[in-house]
Amino acid sequence: MPGFDALYELYSFNVIPTLGRAVTGDAQAYRYLVESIRRFPRPEAFAEMIRGAGFRQVSFRPLTGGVVALHSGWRL
């Protein structure tokens with residue numbers, strides 16, 4: 001979805017920490033959360049990691065314009 005990634009970026013780095021500070025008094029924890037989500041492997045790379053851990057029939061489905069991906073796999 002064109003432009004959705006920029007909107008999500010703005011929301012993640014501005015709204016989430018602000019809400020975190022308002023609710024818990026700790027914006028830094030929510031900044032860390034957003035940054036850790038950003039560093040998470042891309043869906044293809046994560047699928048390979050899952051395969052490397054011994055799972056088979058690994059697949060993933062991008063959701064919310066590619067912001068989130070649902071992964072699945074079988075371990076026998």
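**Strand pairing and helix packing**

Student: In β2, which residue is the bridge partner of F60?
Tutor: This is a predicted model, in which local features need pLDDT of at least 70 and side-chain atom pairs count only at pLDDT 80 or more, whereas totals for chains, interfaces and linings use all residues. Residues are numbered from 1 along each chain as its sequence is written, and side-chain values use heavy atoms, with hydrogens and water left out. Strand β1 (residues 56-63) and strand β2 (residues 68-74) pair in the antiparallel sense over 6 bridges, where strands are DSSP runs of E with at least two residues and pairing requires at least two bridges found by DSSP. S59 stands opposite S72 in β2, and the bridge partner of F60 in β2 is H71.

Student: At what angle do helix α1 and helix α2 pack?
Tutor: Helices are DSSP runs of H or I with at least four residues, here α1 (residues 4-24) and α2 (residues 27-39), with their axes 7 Å apart. Axes are lines fitted to C-alpha atoms over the stretch in contact (heavy atoms within 4.5 Å), and angles run from 0 to 180 degrees between N-to-C directions. The packing angle is about 150 degrees.
Student: Why is α1 described as roughly antiparallel to α2?
Tutor: Angles over 145 degrees count as roughly antiparallel. The pair is therefore roughly antiparallel because of its packing angle, about 150 degrees.

Student: Which side chain meets E9 in a salt bridge?
Tutor: A salt bridge needs a side-chain nitrogen of Lys or Arg within 4 Å of a carboxyl oxygen of Asp or Glu, and the count comes to 2. In one of them, the N to O distance is 2.8 Å, and the side chain meeting E9 is that of R38.

Methods:
Angles under 35 degrees count as roughly parallel, over 145 as roughly antiparallel, 65 to 115 as roughly perpendicular and the rest as oblique.
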